[in-house]
Amino acid sequence: MSGNITFTMIKPCAVSDGHIGQILAQINKAGFRIVAMKLTKLRKGEAEAFYSIHRERPFYNELVEFMSSSPIVAAVLEKENAVVEYRKLIGSTDPAKADEGTIRKLYAQSIQNNAVHGSDSDDNAEIESGFFFSMGERFNKKGAVGLQ
Ligand code: ATP
Ligand code: MG
């Protein structure tokens, strides 16, 4: 069974470019509910840990520098089949290959500076959400603290 949450970051490039509002509007319009959200900045060690799965890849060091270079928005999003639905909304990693209307097609600068992150599995959605938010920082529809 697929889960109903995913984790996203609006990456430094899209925050610096002033696209937070447009990206959040697109997320809401696509039917995602914001469960948790914060504007924050990754320390280098946090960016290294978050992307540690890519540490052998040639772009790892540059990716870590980029992700820790200026503020990001981190958020937990809820929708049925959230991981798959959100990856459809953001489009391909490389904006040149992303479908028209996707967040990356609209707002990415390059394959590295590609506007947003989206979890790639239900397990990673939970791990990545836990990286940024305690259960007490996640809110259900009634505004009560915590997820069931
Ligand atoms: P994300 O995990 O950020 O949602 P993704 O799942 O589409 O992106 P991954 O393969 O997990 O893509 O890569 C993680 C991130 O590393 C990409 O979003 C991008 O910022 C960067 N990246 C991926 N491939 C390259 C590349 N060939 N050159 C430079 N940076 C890259
Ligand atoms: Mg990924």
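**Close-up views of a predicted model**

**View 1. Helix α5 and its packing partners.** The buried residues of α5 pack against β1 (5-10), α2 (20-29), β3 (72-78), α6 (103-107), β4 (116-118) and α7 (122-132). Contact here means heavy atoms within 4.5 Å, and buried means under 20% relative accessible area (1.4 Å probe, protein chains only). Helices (H or I, at least four residues) and strands (E, at least two) are DSSP runs, numbered from the N terminus. This is a predicted model, in which local features need pLDDT of at least 70 and side-chain atom pairs count only at pLDDT 80 or more, while totals for chains, interfaces and linings use all residues. Residues are numbered from 1 along each chain as its sequence is written, chains are lettered from A and ligands numbered from 1 in the order in which they are written, and side-chain values use heavy atoms, leaving out hydrogens and water.

**View 2. The buried side of α5.** In this helix (residues 82-90), look for the buried residues Ala82, Val83, Tyr86, Leu89 and Ile90. They share the same side of α5 because they cover an arc of only 125° around the axis; the arc is that of the directions from the helix axis to the C-beta atoms.

**View 3. The buried face of α2.** Here the buried residues are Ile23, Leu24, Gln26 and Ile27. Down the axis of α2 they fall within an arc of 160°, so they line one face of the helix. Gly31, which follows α2, has a positive phi near 95°.

**View 4. Around ligand 1.** Of the 13 residues around ligand 1, the nearest are Lys11, Thr93, Gln112, Asn114 and Gly118; a residue counts if one of its heavy atoms lies within 4 Å. Arg87 has a polar side-chain atom 3.0 Å from an oxygen atom of the ligand. For Arg104, a side-chain N or O atom is 3.1 Å from a ligand oxygen. The protein covers 81% of the 580 Å² of accessible area (Shrake-Rupley method, 1.4 Å probe) that ligand 1 has on its own.

**View 5. The largest nonpolar core.** Phe7, Met9, Met67 and Phe132 touch the most other members among the 20 residues of this core, a set of buried Ala, Val, Leu, Ile, Met, Phe, Trp, Tyr and Cys residues joined through side-chain atoms within 4.5 Å. Helix α4 gives the most, with five residues. Beyond its neighbours within four places in sequence, Met67 is in contact with residues including Met9, Leu42, Ala47 and Ile72.

Definitions and conventions. Buried means under 20% relative accessible area, exposed over 50%, partly exposed in between (1.4 Å probe, protein chains only). A polar contact is a pair of N or O atoms within 3.5 Å; within protein, one must be able to donate a hydrogen and the other to accept it, and residues adjacent in sequence count only if both atoms are side-chain atoms.
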